[in-house]
Amino acid sequence: MPLANPHPIDSAAVLAWYDHHARELPWRVSPADRRAGLRPDPYRVWLSEIMLQQTTVAAVKAYFLRFTALWPRVHDLAAAPLDSVLREWAGLGYYARARNLHACAQAVVRDHAGIFPDTAAGLQALPGIGAYTSAAIAAICFDERVAVLDGNLDRVLARYYALKVPVREAKEALRGALQLAVPERAGDFAQAMMDLGATICAPRAAMCLVCPLHDGCEARREGEPTRYPIKPQKAERPVRRGHAFVMQDAAGDVYLQSRPAKGLLAGMTEVPTSDWGELSGDPAFPLVADWRHRGQVVHVFTHFRLELDVWSAVVAPDGLETGWWAAPEALGGEALPTLFRKVLAAAGLD
């Protein structure tokens, strides 16, 4: 669809703003350091971009610093056991990203001698790197003049063009308009536009008076910028239900097991649960014991809402051979996703 705005995106104004207002981020090379000849590390940029998918900068910083302390180079991450990577990833969600992260590190070391490809096309051939991430790494690290369009940029451009349809209906038109604006400093421009969306043209506020795109913005001209982007009609999220069983032995150790290698939360650590379905039904306890109901936890995944009734009991370890027993004080080091940390907290194990 055509975009109605007579003003092209002013990349020079965006870069001038960025030179003075760039956010300080642990994976970023500042504009001043770039001018001095320091280049961004593709490993650190790639790691940050994978972590930032569906997650905020504030949440990612601590994970990023811990990962780079443990595995400062792609060779180190490639050599790490997958279980260790999953354990450190716990809490970031979308655990397929962690498995792809590990597979990608191994592919870079195995197939590229530890050197990331320097084009978006080459990067996109690696495991877990899609169109957005490949463009971001290629622009930020190698100044490839490619449009980098993420959720923040969707919002900035939807306002700039006063887009009258949801972004997903005009994605390619927005990408084309952004591509025309990409300057020689492609990496700084990409990060500048990200910063605009994160700080100036935010979801619930638009500080138009200090925005470098102020003069050409159609939503600002209309006087109601936060009306954009137009929200798509949301489908109702289905609900699934089930039971979770927290078992402790006489010493207080907790029984844990690994989830299947494929599917939701694949390879992560859990306590046993029933199947998750539309109806929870009566619990089919894994062992005969004095089970206590400990309440319900609710966890929202991308495509459904999960409601789990939590049960706990002290049990004899007989018949539990596929998992392992962990001391309560060691639970923090297990690869438990947020859902199962909620379950354990409901059972009194924080």
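**Pockets, cavities and helix packing**

Me: How much space lies in the second largest pocket?

Reply: A pocket is an open set of points on a 1 Å grid over the protein atoms alone, with protein on both sides within 12 Å along at least five of seven lines. Its volume is the space filled by probe spheres set on points joined across faces, edges and corners. For the second largest pocket this comes to about 590 Å³.

Me: Which residues lining the second largest pocket are closest to its centre?

Reply: The model is predicted, with local features needing pLDDT of at least 70 and side-chain atom pairs pLDDT 80 or more, whereas totals for chains, interfaces and linings use all residues. Residues are numbered from 1 along each chain as its sequence is written, and side-chain values use heavy atoms, without hydrogens or water. The second largest pocket is lined by 17 residues, a lining residue having an atom within 4 Å of a point. Closest to the centre of this pocket are Arg155, Pro229, Ile230, Lys231 and Pro232.

Me: How many charged residues does the lining of the second largest pocket have?

Reply: Ala, Val, Leu, Ile, Met, Phe, Trp, Tyr, Cys and Pro count as nonpolar, Asp, Glu, Lys and Arg as charged, and the others, including Gly, as polar. In this lining 7 residues are nonpolar and 2 are polar. The number of charged residues is 8.

Me: Which helix gives the most to the lining of the largest pocket?

Reply: The largest pocket has a volume of about 970 Å³ and 31 lining residues, with Leu52, Gln53, Gln54, Thr55 and Gly151 nearest its centre. At least two residues each come from α3, α4, α9 (131-142), α10 (151-160) and α12 (186-200), helices being DSSP runs of H or I of at least four residues. The most, 4 residues, come from α3.

Me: Which residues lining the largest cavity are closest to its centre?

Reply: The whole structure has 2 cavities of 30 Å³ or more, a cavity being a set of points where a 1.4 Å probe fits but cannot get out. The largest cavity holds about 120 Å³. Of its 14 lining residues, the closest to its centre are Arg159, Cys201, Cys208, Cys211 and Cys217.

Me: Which helix supplies the largest share of the lining of the second largest cavity?

Reply: The second largest cavity, with about 50 Å³ of space, is lined by residues including Val146, Leu153, Phe189 and Met193. Its lining has 10 nonpolar residues and none that are polar or charged. The largest share, 4 residues, is that of α12.

Me: Are α1 and α12 roughly perpendicular or roughly parallel to each other?

Reply: The axes of α1 (residues 11-21) and α12 come within 9 Å and cross at roughly 75°. Angles under 35 degrees count as roughly parallel, over 145 as roughly antiparallel, 65 to 115 as roughly perpendicular and the rest as oblique. The two helices are therefore roughly perpendicular.

Me: Which residues of α4 make the contact with α3?

Reply: Helices α3 (residues 42-52) and α4 (residues 57-70) pack at about 140°, with axes 10 Å apart, which means that α3 is oblique to α4. From α3, the contact (heavy atoms within 4.5 Å) involves Arg44, Leu47, Ser48, Met51 and Leu52. From α4, the residues are Val57, Val60, Tyr63, Phe64, Phe67 and Thr68.

Technical notes
Axes are lines fitted to C-alpha atoms, for helices over the stretch in contact, and angles run from 0 to 180 degrees between N-to-C directions.
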